[in-house]
Amino acid sequence: LLGSWKLESITATVNGIEMTIPGEQSGGDMRLTFKENGKVETTLNGESGGEANYTVAGNTLTISDEDMSMSFEFSVNSKTLVLSGNFGEIYGEESITNGRMTFKKL
């Protein structure tokens, strides 16, 4: 999990229809950098989005700061990180479900 990951695609069910959007079309160049100190930094189009804390328990990754907490089921290997969950909780919409974000190792 440690290191930098670039968003390759988002797959989600929106209003009952599954769709896949390439990472660049979902808002730009998004990256996550997981550090040994339990922090994860987000970067969008080269601009830092700040740091949050992360914890791993089994196959659940939780990212949190003072304003929010998100949990994902995850799988990782040397080249790919996949985060799965209910994206409606992320975007504040009940219609976005069964989401999957796929990242490639940098």
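**Note on the predicted model**

1. The protein chain exposes about 6,300 Å², and carbon and sulfur atoms supply 47% of that area. Accessible areas come from the Shrake-Rupley method with a 1.4 Å probe, and for residues only the protein chains shown count as cover.

2. This is a predicted model, in which local features need pLDDT of at least 70, side-chain atom pairs count only at pLDDT 80 or more, and totals for chains, interfaces and linings use all residues. Residues are numbered from 1 along each chain as its sequence is written, and side-chain values use heavy atoms, with hydrogens and water left out.

3. The protein chain has one helix and nine strands. Its pattern along the sequence reads β-β-β-β-β-β-β-β-α-β. Helices (H or I, at least four residues) and strands (E, at least two) are DSSP runs, numbered from the N terminus.

4. Of the 106 residues in the protein chain, 32% count as buried. Buried means under 20% relative accessible area, exposed means over 50%, and partly exposed lies in between (1.4 Å probe, protein chains only). Among contacts in the protein chain between residues at least 6 apart in sequence, 38% join residues at least 24 apart; a contact means heavy atoms within 4.5 Å.

5. The largest nonpolar core has 16 residues, and Phe34, Leu83 and Phe103 have the most contacts inside it. At least two residues of this core come from each of β1 (3-14), β3 (30-34), β5 (47-57), β6 (60-64), β7 (69-76), β8 (80-85) and β9 (96-105). Strand β1 gives the most to this core, with three residues. A nonpolar core is a set of buried Ala, Val, Leu, Ile, Met, Phe, Trp, Tyr and Cys residues joined through side-chain atoms within 4.5 Å.

6. Leu83 deserves a separate look. Not counting residues up to four places away in sequence, Leu83 touches Leu32, Leu61, Phe72, Glu73, Phe74, Gly99, Arg100, Met101 and Phe103.

7. A search of the whole structure finds four salt bridges. A salt bridge is a side-chain nitrogen of Lys or Arg within 4 Å of a carboxyl oxygen of Asp or Glu. One of them joins the side chains of Glu24 and Lys6 (3.3 Å, N to O). Glu24 lies in the loop between β2 and β3 and Lys6 in strand β1, so the pair ties together parts that are 18 residues apart in sequence. Glu24 is partly exposed, at 47% relative accessible area.

8. Lys35 forms a salt bridge with Glu41, with the closest N and O atoms 3.7 Å apart. Lys35 also forms a salt bridge with Glu51, where the closest N and O atoms are 2.6 Å apart. This second pair links distant parts of the chain, with Glu51 in strand β5 and Lys35 in the loop between β3 and β4 (39-44), 16 residues apart. Shared partners join Lys35, Glu41 and Glu51 into one network of salt bridges. Lys35 is partly exposed at 27% relative accessible area, Glu41 at 22% and Glu51 at 42%.

9. Ile17, Met19 and Ile21 make a nonpolar surface patch of about 250 Å². Patches are made of residues with over 30% relative accessible area and no salt bridge; like charges are joined within 9 Å, and nonpolar side chains (Val, Leu, Ile, Met, Phe, Trp, Tyr) within 5 Å. Ile21 is found in strand β2 (residues 17-22) and is partly exposed, with a relative accessible area of 32%.
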